[in-house]
Amino acid sequence: MGPTPASHVQLSFAALNPALAGRLARLGIRTPFDLVLHLPLRYEDETRLTPIGEARPGQPVQVEGVVVSNDIVPRPRRQLVLRVSDGSGELVVRYLHFYPNQVRSLAVGKRVRLHGELRQGFLAPEMVHPRARIVAPGEPLPITLTPVYPTTAGLAQPVLRKLIDRCLAELDLSDTLPSSLRAAHRLAEFEASVRFLHAPPPDADESALGERTHPAWRRIKFDELLAQQLSMRLHYRERRARVAPRLPDRGTLTRRLIDSLPFRLTPAQERALAEIRRDMAEAHPMQRLLQGDVGSGKTIVAALAALQAAENGYQTAIMAPTEILAEQHYRKFAQWLEPLGVRVAWLAGSQKKRVRKEALEQVALGEALVAVGTHALFQEEVRFRRLGLAVIDEQHRFGVHQRLALRLKGDQPHQLMMSATPIPRTLAMSYYADLDVSVIAELPPGRTPVATRLVADARRDEVIARVRADCLAGRQAYWVCPLIEESEALQLQTALETFERLKNTFPELKVGLIHGRLKPEDKARVMEAFQRGEIQLLVATTVIEVGVDVPNASLMVIDHAERMGLSQLHQLRGRVGRGAHKSMCILLYGTPLSGAARERLRVLYQVSDGFEIARHDLRLRGPGEFLGARQSGVPLLRFADLERDQDLLEAAREVAQEMLERFPDHARRHLERWMGLRHHYLKV
């Protein structure tokens, strides 16, 4: 009897009792093939028996013997205590948690097979909570290693093994990779690989299994990466098949803005702008990611893209994750575009009703060709007359549905996503493979390098002296309060306490405070005072992480820097070094430091390049945390490791292209196997 098609097994899978189906769903198992791909965490060797007399403490071991005594001992705590003998020796077995049926099944005279770690007891060797199974005399041993699977409460290993064995027996495990491509990349067969990983022979290379470098593991990781690449490329194709308005560069408004700027665009900015201009002139929607380090000048590139849309009579929506950043964009865009006759509207959730109504009307009538705001932009009441371009800043902070909601405001508008968190190459190749990417890899002239210093909390007085000296010399400083993730209210309290303490410490300085709970108009007032130099020391929470631009601020102190992530620290450091003065970022840290915190601070101290920092950040945190809200709709890799499996990622990219062109049926089957219908929801 041959393997059953997946659809047939689907019926039996759906017929599972709801409680079991719910537990499987908690593990991400929703189809029979998900069980095939539910691979072991580790293995136990039950293929051999060790005589009790030869077993050594401290080692996992399997023994078999007869129960010679079975007692419930009340002290020091109630426990089930057995003595088991095999003729070569005797051991004590303790169960601190047990059920009545265990007491009955492990009765005197029963032959039992035990697997666990032996330890030296008072009177004899003992095992605590070993796995126990009643066996018949001479019952054969397994011939393969026993898999131990990731599981959840209420789902025992034997139940999982039985379900997985059934799917391995019934499902079609034939290869989705054409034999020519498999041979070219020296990959093992899929069926042999998956069967090997679920049941390796006793002589299998343990380190290759544990490190996931075995050829069977490499095949599974390759297939996972290939599914991701195929899905991304299909979405790229689908997007290019949609029709968007052509918005060619007419050179009227854009040329006037470039001529009016007090600086020249860098070659990197010009390259990125040329790529964006070319995409916007096409009849399919642009979906381009503009990435560059903090201060590399992405905003002016976005403004020139918005002008290109305006030249063609189309509107641009610019969305930022925080009101401080959105308002800063609004001010810059208004400063650059309104002298050219392009009205810029501002939309935020906290606006007064009358002001908001006026802005909404300007956008709906097309009088405002540019609308800047936070997530307020994609609320239902916001209507654009002709939306041609959507610019999403710090795009990883927005979920996939929020980005889709903004896109649906227009008829297939072009999309420009911006990120000041540079994306490591491997991440761009995998999770961002459906996007066109422009990189601004150089800083504008006049940006001074920022010196970074690590200072222990015990030397806080030296830091205070440095802040006083810099501010009295006519420059300005930031003092960033520690991050307290558990409670926004607690973080606010810390900011207020820090502000009061620093006001008392620096009576001769004008000290300001900014935090997330301030009303937008109060935030704007504080930031304007700081920009004008009326505030010399700004106490702030991490709301100043992105977008804040004060050239005279040359010193930043980050209090309890060990509590913050690497990218966040780099973003904060980018707030200084924007003027002609030599700038410094002091990372004030509390002790003792955890290993992870020590490593983060070491990287930040040694590395200033944002792309290199992002690579370290990916290594330390993994893609899940790095991607942030982008995870919504993006399946994270379960098996492949972007840092260690770069060769497989390169091969998967190459094979994906070839399969779509030459073997479309194989590509379809591969996607169905790995993603079911999930790849349809992968991107917008």
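1. **Basis.** This is a predicted model, in which local features need pLDDT of at least 70, side-chain atom pairs count only at pLDDT 80 or more, and totals for chains, interfaces and linings use all residues. Residues are numbered from 1 along each chain as its sequence is written, and side-chain values use heavy atoms, with hydrogens and water left out.

2. **Overall build.** The protein chain has 24 helices and 22 strands. Both are DSSP runs numbered from the N terminus: helices are H or I with at least four residues, strands are E with at least two. Along the principal axes, the C-alpha atoms fill a box of roughly 95 × 65 × 45 Å.

3. **Burial and surface.** Of the 684 residues, 54% count as buried. Buried means under 20% relative accessible area, exposed means over 50%, and partly exposed lies in between (1.4 Å probe, protein chains only). The accessible surface of the protein chain is about 31,000 Å². Carbon and sulfur atoms hold 52% of that surface. Areas come from the Shrake-Rupley method with a 1.4 Å probe.

4. **Contacts along the chain.** Take contacts between residues at least 6 apart in sequence: 76% of them join residues at least 24 apart. Contact here means heavy atoms within 4.5 Å.

5. **H12 and H13.** Two packed helices are described by the angle between their axes and the distance between the axes. Helix H12 spans residues 298-311 and helix H13 spans residues 323-337. Their angle is about 55°, and their axes are 11 Å apart. Axes are lines fitted to C-alpha atoms, for helices over the stretch in contact, with angles from 0 to 180 degrees between N-to-C directions. H12 and H13 are therefore oblique to each other. The cut-offs: under 35 degrees is roughly parallel, over 145 roughly antiparallel, 65 to 115 roughly perpendicular, and the rest oblique. The crossing is right-handed, meaning that the near helix is turned clockwise from the far one by less than a right angle.

6. **Residues between H12 and H13.** H12 brings Thr299, Ile300, Ala302, Ala303, Ala306 and Leu307 to the contact. H13 brings His329, Lys332, Phe333, Trp336 and Leu337. By class, there are eight nonpolar, two polar and one charged residues. Nonpolar covers Ala, Val, Leu, Ile, Met, Phe, Trp, Tyr, Cys and Pro; charged covers Asp, Glu, Lys and Arg; the others, Gly among them, are polar.

7. **H20 and H21.** Helix H20 (residues 566-573) packs on helix H21 (residues 595-606) at an angle of about 35°, with the axes 10 Å apart. This crossing is right-handed. Leu566, Leu569, His570 and Arg573 of H20 meet Arg600, Leu601, Val603 and Leu604 of H21. The contact has five nonpolar, one polar and two charged residues.

8. **Val61.** Val61 sits in strand S2 (residues 60-73). Val61 is buried, at 9% relative accessible area. Beyond neighbours within four places in sequence, its contacts are Thr50, Ala55, Leu114, His115, Gly116, Leu118 and Met127. Asp45 is 16 residues away along the chain, with 8.1 Å between the C-alpha atoms.

9. **Glu327.** Glu327 lies in helix H13. Glu327 is buried, with a relative accessible area of 16%. Residues up to four places away aside, Glu327 touches Trp346, Pro520 and Ala524.

10. **Gln379.** Gln379 is in the loop between strand S13 (368-373) and strand S14 (387-393). Gln379 is partly exposed, at 32% relative accessible area. Not counting residues up to four places away in sequence, Gln379 touches Arg356 and Lys409. Gly349 is 30 residues from Gln379 in sequence and 9.7 Å away, C-alpha to C-alpha.
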